[in-house]
Amino acid sequence: MAATQQELKQLMPNEISAFCAQLALIIKAGISVQEGISIMVGDVQDGRGKEVLQTILSHVEEGRTLSFALQQCGRFPKYVVDMVDIGETSGRLDEVMDSLSTYYERNEAINQSIKNAVTYPMVMIGMMAVVIAILVIKVLPIFHQVFRQLGSDMSAFAQGIMDFGTALSHYSVWIVAVVLVLILAVSLMKRTKGGRAALARIYDTLPFMRSLSDKIAAGRFASAMALMLSSGLDTDQSLEMAGELIENKKTKTKIAGMKDLMAQGTSFSGALLQMKVFSGVYASMLTVGFKTGAVDTVMKKIAQRYEEEIDANISSLISVLEPTLVAVLSIIVGMILLSVMLPLMGIMSSIG
């Protein structure tokens, strides 16, 4: 239970990125970590941010390492603590903080793109639901009364929709309660590692999202590997730690396969090719990167390329969803209105 509460309190990716970027600048300027965090405490206006920095500062002032202070703070993921520890041990803390900042900045950009892609369809679906509910619950009963006064009945289709609307109105409180519970459950799941993994599995099962999900996972893997390798870790250590950052089940399986192949003597680039973690072009880029000793640089480029592809795919998806949802709404509303208006026009013409 304590572990879950700790996860719920963790900082958001953009907050971690900002913290790492500021600390990297401070260290590069020749200012000590203790003095730098003290400066950051004075600059922060947000109450929660000040509390986090004050906790870190108190441990650092006691002579503890920054990694120990971050761990005791309880607001940073384990891999941030581990990477800072590696940076302190190797004397490359500024480079590690820079790499962490870039990693979380890229993760936040991908998360924001996904949110933007999901928000628009959800708003459209919500508007569709409201318009249809008003038609079914409020408008159709009025037409029903008109038909009764004219001594006729509504069409079977319109009558069925109106009966559905009556049931919907009767159970509206329960329906709203269920929707709110689902929203709350999803919100809570996003705050825990297990919950995010479960949502990722659901997301991966959607046919039109599967390709995008694979690209997001591959991009995050490339970004994580760039972070590890640029911090001075070897490929085995980098692969081990990168595997902990990935929540996509398919990519996790590929990483596990890479570990097995490397344990049998296969090179890192060879294992990447065999497990098809990246597409052929990117795998070839990495082979060249190994020969030139610039694997971390190539990984960064691959992560950037995947980010660009993800943005393009999301834009393409939205451009398809927008007219599709509008067309669906128009058809549904048109069918409801025509099922009422056509019989009514027939009655009026016969009266005339």
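This is a predicted model: local features need pLDDT of at least 70, side-chain atom pairs count only at pLDDT 80 or more; totals for chains, interfaces and linings use all residues.
**Entry 1: H13, extent**
I started with H13, which runs over residues 249-263 and has 15 residues. I checked the span from its first C-alpha to its last. It reaches 21 Å, close to the 21 Å expected at 1.5 Å a residue.

**Entry 2: H13, buried side**
Next I asked which residues of H13 are buried. I found Thr251, Ile255, Gly257, Met258, Leu261 and Met262. They lie on the same side of H13, because they cover an arc of only 160° around the axis. I noted the general rule beside this. An α-helix has 3.6 residues a turn, so residues three or four places apart point the same way.

**Entry 3: H13, other face**
I then looked at the face turned away from the buried side of H13. Lys249, Thr253 and Ala263 are the exposed residues there.

I read on past the helix end.

**Entry 4: Ser101**
I moved to H7, residues 93-149, where Ser101 is found. Is Ser101 buried or exposed? Its relative accessible area is 7%, so I logged Ser101 as buried. I left aside neighbours within four places in sequence and listed the contacts of Ser101: Ser17, Cys20 and Ala21.

**Entry 5: Glu108**
Glu108 is also found in H7. I looked up its accessibility. Glu108 has 19% relative accessibility and counts as buried, because the cut-off for buried is under 20%. With neighbours within four places in sequence left aside again, Glu108 is in contact with Pro13 and Asn14.

Note on methods. Residues are numbered from 1 along each chain as its sequence is written. Side-chain values use heavy atoms; hydrogens and water are left out. Helices (H or I, at least four residues) and strands (E, at least two) are DSSP runs, numbered from the N terminus. The expected span of a helix is 1.5 Å times one less than its number of residues. Buried means under 20% relative accessible area, exposed over 50%, partly exposed in between (1.4 Å probe, protein chains only). The arc is that of the directions from the helix axis to the C-beta atoms. Contact means heavy atoms within 4.5 Å.
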